[in-house]
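Me: I would like to learn how to read a structure step by step. Could we go through it together?

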Amino acid sequence: MDSKLGRRHEILGILSGAAGLLCGLSLFTYDQRGGENWIGPLGEQLARQLALAVGWSAWLVPCGLFFLMLAALKLSPRGSLSVRVAATLTSVLLGCALLHLYLPVPAFGGHLPGGVLGELFALAAIGGYVLAVGWQPSVVRAGIAGALASLAWLVARPSDRWYF
């Protein structure tokens, strides 16, 4: 292997490991209700944006960065980087929707369990269910009720949201 290419991989591995550690620590110490974040204001903003976007699936970001570190330092089996990125994105997006639909616990002290992306993918799943089963009146009513309940929960103030 070319030594210049090897150095680039080492630098990428070190940077992705450091970013994974910082991201993990910022998520570990983040709480929407307040408190001190170990990484400071930058860590708090990073954790807030991740929690807002993907909810509990935000924990997959530091894991993905650690796996990138292992791949860059050649500590994991070789594979296509594009396949790994696609698999990670699929896991995050499907995880967001499933967490939003099935986990009633708010993420990080008050965020949506699946984040905003989970809400959107859950609404898409409800629409897909209606399209897959057919336009029977009971199915359409259930789909509309589920979509309206999800939208009402999304636009409600955090103090007015209900959890099952």
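Me: Leaving aside neighbours within four places in sequence, which residues is Leu-27 in contact with?

Reply: Contact means heavy atoms within 4.5 Å, and by that rule Leu-27 touches Ala-47, Leu-50, Ala-58, Trp-59, Pro-62 and Phe-108. Please keep in mind that this is a predicted model, where local features need pLDDT of at least 70 and side-chain atom pairs count only at pLDDT 80 or more, while totals for chains, interfaces and linings use all residues. Residues are numbered from 1 along each chain as its sequence is written, and side-chain values use heavy atoms, with hydrogens and water left out.

Me: Which residues make up the largest nonpolar core?

Reply: A nonpolar core is a set of buried Ala, Val, Leu, Ile, Met, Phe, Trp, Tyr and Cys residues joined through side-chain atoms within 4.5 Å, where buried means under 20% relative accessible area, exposed over 50%, and partly exposed in between, with a 1.4 Å probe and protein chains only. Here the largest one has 12 residues, including Leu-27, Leu-50, Cys-96 and Phe-108. The largest share of this core, four residues, comes from H2.

Me: How many helices and strands does the protein have?

Reply: Both are DSSP runs numbered from the N terminus, helices being H or I with at least four residues and strands being E with at least two; the protein has six helices and zero strands.

Me: How many disulfides are there?

Reply: A disulfide is a pair of cysteine sulfur atoms within 2.5 Å, and the count is zero. For Cys-63, the nearest cysteine sulfur, that of Cys-23, lies 9.4 Å away.
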